[in-house]
Amino acid sequence: MKRAFPIFAVLTAALLSYGLYEALVVAPTEQTMGDVQRIFYYHVPSAWTAFTLFFLNLVASVWYLIRRNSKADALALAAAEVGVVFCTVVLVTGPIWARPVWGIWWTWDLRLTLTLVLWLIYVSYLMLRRFSTSGQTPVLAAVLAVLGALDVPLVYFSIWFFRTQHPQPVIGGGGSIDPRMLHVLLINWAAFSCFAALVCWSRYHLEVLSREVEETRALESLLGAGSPR
Amino acid sequence: MSTGITRATLAKDLRLEWRSKDAINSMLFFALLVVVIFSFSFDPTAEESRRIAGGLVWVAFLFAAVVALNQTWARELRNQVLDAYRVSPAPPNSLFLAKALGNFIFVTVLEALMTPLFIVFYNLRALGPAYQLLIVSVLGTWALVVNGTFFAAMSLHTRSREIMLPLLLFPITIPALLAMVEATGAILTGEFSARFWIVLLAAYDVVFTMASLFLFELVLQAE
């Protein structure tokens, strides 16, 4: 495992640079939007990665509630943290792209709003973990993750209806995507997923280690208190 | 679930509140302040106010409810009452139900007292079916208190717990809040039907009531 990490890191770096090259040079320029459309190769893969990580957080949280496995909790924490970072990237690149193309920074569109609400829920999840003084923070966090997941379909339907009765936002027509663009998108998606997995891996490892250190320290202080110096 | 324990706890909370009137007084004054501040910071005409009243009313109630919700469990920390609950064989979800019902009653009383004020300050008159406002307020209030009671218990074991409750409650209640605001707006303006929002609120209530009753034991046992 320890040897696999640097190899994986190098592979991810290579894939990311290949993805960057493909997105900036190889991919065809979009007809109406021009070069600004290239942000698409970062915006969309980040979104997919963030959603995957939030899903991973849910699975790990449920796993923790069933099995009380401390590693599942460390994984949930790592997935939530990295997911929030990717979600932030989505929410920042979105307006940068929207401004020149739609003429507005933000609109209460279904996907935008859903992403924002997810971001808010997961930030509150991280806040809870940070502020909790309970010895059972993982349980509370896992419960919050489950409630957050229950909330997602309700948010979806509410925004969907909210938007259908108000004027539709100005969105560049859908239509099909150029196969070359799809190719670049998929490469970038693979690169971002690898990058997310890499960061999650090291964050997870760090969390497990820091817990071990904490346990050892607690044990040492217990033993130290027992024996007279 | 045990209705006896729910009834006993609810009766105890109501008696406590009746004698001290802490929650209701602080909520009322807070909501009054919000109404007054909103009223002169927007200064709307009757037509405009019909459109924005849904948002103003529910935001005021949400903020005021947080004041009461924060006291729900904090009250039990004195004299280690919460520890007594933990070791008692009483089912945790009946305790939760009692607390949620108690908060529901407090917030409903608040709404009953504040609604006339809103009508006076904003010159409100419903152009749609007014009876639906009653349904919306019952479902909406339950949505607020069921989540609020749950998250208040969750934030009990955090630093600066008074701040933590809204941080947990607001993101999750976004769909419910949107539904309440839109339904109220729809009924007041009479421009479109509020049926979808009422159904959504009911679905929200069912989902989160079940989830809270099911998961509350975990939260109560977490010290």
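Is B:Lys21 buried or exposed, and how many C-beta neighbours does B:Lys21 have inside 10 Å? In this predicted model, B:Lys21 counts as exposed because 11 C-beta neighbours lie inside 10 Å, and the cut-off for an exposed residue is 12 or fewer. The residue is found in the loop between α1 and α2 (22-42) of chain B. Although B:Lys21 is not a glycine, its phi is positive, at about 55 degrees. Most residues other than glycine have a negative phi.

A positive phi of about 55 degrees also occurs at B:Asn79, again a residue that is not a glycine. B:Asn79 is placed in the loop between α3 (46-77) and α4 (81-87) of chain B. With 8 other C-beta atoms within 10 Å, B:Asn79 is exposed.

Confidence was examined for chain B and for the model. Chain B has an average pLDDT of 87, and 99% of its residues score at least 70. The ipTM of the model is 0.87, and the pTM is 0.87.

Within chain B, helix α1 (residues 3-20) packs against helix α5 (residues 92-122) at an angle of about 40 degrees, and their axes are 8 Å apart. The crossing of α1(B) and α5(B) is right-handed. From α1(B), the contact involves B:Ile5, B:Thr6, B:Thr9, B:Leu10, B:Asp13, B:Leu14 and B:Glu17. These residues meet a set in α5(B) that includes B:Ser94, B:Leu95, B:Leu97, B:Ala98 and B:Leu101, as well as B:Gly102, B:Ile105 and B:Phe106. Classified by residue type, the contact of α1(B) with α5(B) comprises nine nonpolar, four polar and two charged residues.

The contact between the chains takes 28 residues from chain A and 27 residues from chain B. On the side of chain A that touches chain B, α4 (110-131) and α5 (137-164) of chain A each supply at least two residues. The largest share of this side, 15 residues, comes from α5(A). By class, the side of chain A that touches chain B has 18 nonpolar residues, nine polar residues and one charged residue.

The largest nonpolar core has 128 residues, of which A:Ala76, A:Ala79, B:Phe61, B:Ala65 and B:Leu201 touch the most other members. Helix α7 (residues 161-189) of chain B gives the most to this core, with 15 residues. When residues up to four places away in sequence are not counted, B:Leu201 touches B:Val136, B:Leu139, B:Gly140, B:Ala143, B:Ala176, B:Ala179 and B:Met180.

Conventions
Residues numbered from 1 in each chain as written. Chains lettered and ligands numbered in written order. Predicted model: local features only at pLDDT ≥ 70, side-chain atom pairs only at ≥ 80, totals over all residues. pLDDT = per-residue confidence, 0-100. Axes fitted to C-alpha atoms, helices over the stretch in contact; angles between N-to-C directions. Helix = DSSP H or I, 4+ residues; strand = E, 2+ residues; numbered from the N terminus. Left-handed = near helix turned anticlockwise from the far one by under 90°. Contact = placed C-beta atoms within 7 Å. Nonpolar A, V, L, I, M, F, W, Y, C, P; charged D, E, K, R; others polar. Core = buried A, V, L, I, M, F, W, Y, C linked by C-beta atoms within 7 Å. Buried ≥ 20, exposed ≤ 12 C-beta atoms within 10 Å, placed from the backbone.
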